[in-house]
Amino acid sequence: MELLQTIAAVRNYVAAARQRGLSIGLVPTMGYLHEGHLSLARAARQQNDVVIMSIFVNPTQFGPNEDFARYPRDLERDRELAAGAGVDAVFAPAVEEMYPAGYATYVQVEGLTEVLCGASRPGHFRGVTTVVSKLFNIVQPDRAYFGQKDYQQALVIKRMVRDLNFPIEIITIPTVREADGLALSSRNKYLTPEQRRSALSLHRALNLGSDLIKAGEREAAVVRRAMEKEITAWPETRIDYVAISDADTLKPLEKIAGRVLLALAVWVGNTRLIDNVVLEVND
């Protein structure tokens, strides 16, 4: 597996693959890989001739008081895991390579970015869409792979691809969970053993909300209150949001119907975790 650290090196690598008529899959990550990332890489391996994974902790998607400086990083570990999942090349640029001095251009998707995580993390999605658009221009893949745990992010990127005419297919892969239901996240590393137990409140709240809806409850406020009660019953939890939304527009629902997104963000200690589930409600 090759390690590429400059844009020029990636472009040369891609040009050689294109000369051979090979298809390219891109797996964008911030590193500190877990099974969720590796599931994206394996899907890319099945569907493309060449798989490129980017490993870049993107500073423009972190707010001033967020965890950019302490976000976990271990490139050697990540390279071994990526190679084991079938990745052909890792693109791991320095910040200065992606954002040289004087950098002043950003990509912003409106509407979808103003709710849920966008409401509590101003500027976050501008950073995401900017770096992803740069990766798309650098790698020019046929397909790019994202996880459903970051549901809003995937929806925003799909809109960006549509609106800006990127000739790229966006593939969303289901959330990978621990045996007890906790969604895999690089930030899980921050949790103490007690906080790790409290983090199960996210999955339990989603299951509770899903069960209520499947049992016939259609008032979003009733479901949301039940989910909030489940979360706050656990130590060291603080709700950022619990939302019941249209899964395509992210607009909040009062009556539950159609494709429905149950999404939440919860602080467990000093760690912010997200999770979601999508339901089809057609009665």
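Which residue's side chain meets that of Asp88 in a salt bridge? The partner is Arg45, at 2.8 Å from N to O; a salt bridge is a side-chain nitrogen of Lys or Arg within 4 Å of a carboxyl oxygen of Asp or Glu. This is a predicted model, in which local features need pLDDT of at least 70 and side-chain atom pairs count only at pLDDT 80 or more, while totals for chains, interfaces and linings use all residues. Residues are numbered from 1 along each chain as its sequence is written, and side-chain values use heavy atoms, with hydrogens and water left out.

**The open sheet**

- An open sheet of 6 strands has the order E1-E4-E3-E2-E5-E6, with parallel pairing. Strands (E, at least two residues) and helices (H or I, at least four) are DSSP runs, numbered from the N terminus. Two strands pair if DSSP finds at least two bridges between them.
- Strand E1 (2-4) and strand E6 (169-173) stand at the edges, and each has a single partner strand, so one side of each is left without a neighbour in the sheet.
- On average, neighbouring strands of this sheet are turned by 25 degrees against each other, direction ignored. Axes are lines fitted to C-alpha atoms, for helices over the stretch in contact, and angles between N-to-C directions run from 0 to 180 degrees.
- E1 and E4 run parallel and are joined by 3 bridges. Leu4 stands opposite Phe91 in E4.
- Helix H6 packs on the sheet and touches E2, E3, E4, E5 and E6; contact means heavy atoms within 4.5 Å. The direction of H6 makes about 150 degrees with that of E2.
- Strands of a sheet pair through backbone hydrogen bonds, either parallel or antiparallel.

**Annotated positions**

- The UniProt annotation "binding site", from an unreviewed entry, covers Gln61 and Gln153. UniProt positions are given in the numbering used here, feature names are shortened, and annotations may be inferred rather than shown by experiment.
- The two positions are spread over 93 residues of sequence, yet they cluster in space, with a largest C-alpha distance of 11.5 Å.
- Gln61 lies in the loop between strand E3 (50-55) and H3. With a relative accessible area of 9%, Gln61 is buried; buried means under 20% relative accessible area, exposed over 50%, and partly exposed in between (1.4 Å probe, protein chains only).
- Neighbours within four places in sequence aside, Gln61 is in contact with several residues, including Met30, Glu66, Arg121 and His124.
- The side chain of Gln61 also makes a polar contact with the side chain of Asn58, at 2.9 Å. A polar contact is a pair of N or O atoms within 3.5 Å; within protein, one must be able to donate a hydrogen and the other to accept it, and residues adjacent in sequence count only if both atoms are side-chain atoms.
- Gln153 is found in helix H7 (residues 151-164) and counts as buried at 18% relative accessibility.
- Not counting residues up to four places away in sequence, Gln153 touches Phe125, Val128 and Phe146.

**Salt bridges**

- The structure holds 17 salt bridges. Side chains of opposite charge can pair when their charged atoms come close.
- Among them is the pair of Arg42 and Glu35, whose closest N and O atoms are 1.9 Å apart. Arg42 is partly exposed at 35%, and Glu35 is partly exposed at 34%.
- In the salt bridge of Arg45 and Asp88, Arg45 lies in helix H2 and Asp88 in the loop between helix H3 (75-84) and strand E4 (89-91), so the pair ties together parts that are 43 residues apart in sequence. Arg45 is partly exposed at 27%, and Asp88 is partly exposed at 25%.
- The side chains of Arg272 and Asp240 meet in a salt bridge of 2.9 Å, N to O. This pair links distant parts of the chain, 32 residues apart: Arg272 is in strand E9 (residues 271-281) and Asp240 in strand E7 (residues 237-246).
- Arg272 is buried at 13%, whereas Asp240 is partly exposed at 27%.

**Backbone angles**

- Most residues other than glycine have a negative phi.
- Tyr32 is not a glycine, yet has a positive phi of about 45 degrees. Tyr32 is found in the loop between strand E2 (24-29) and helix H2 (35-47).
- Gln140 has a positive phi near 50 degrees and lies in the loop between helix H6 (124-139) and strand E5 (143-147).
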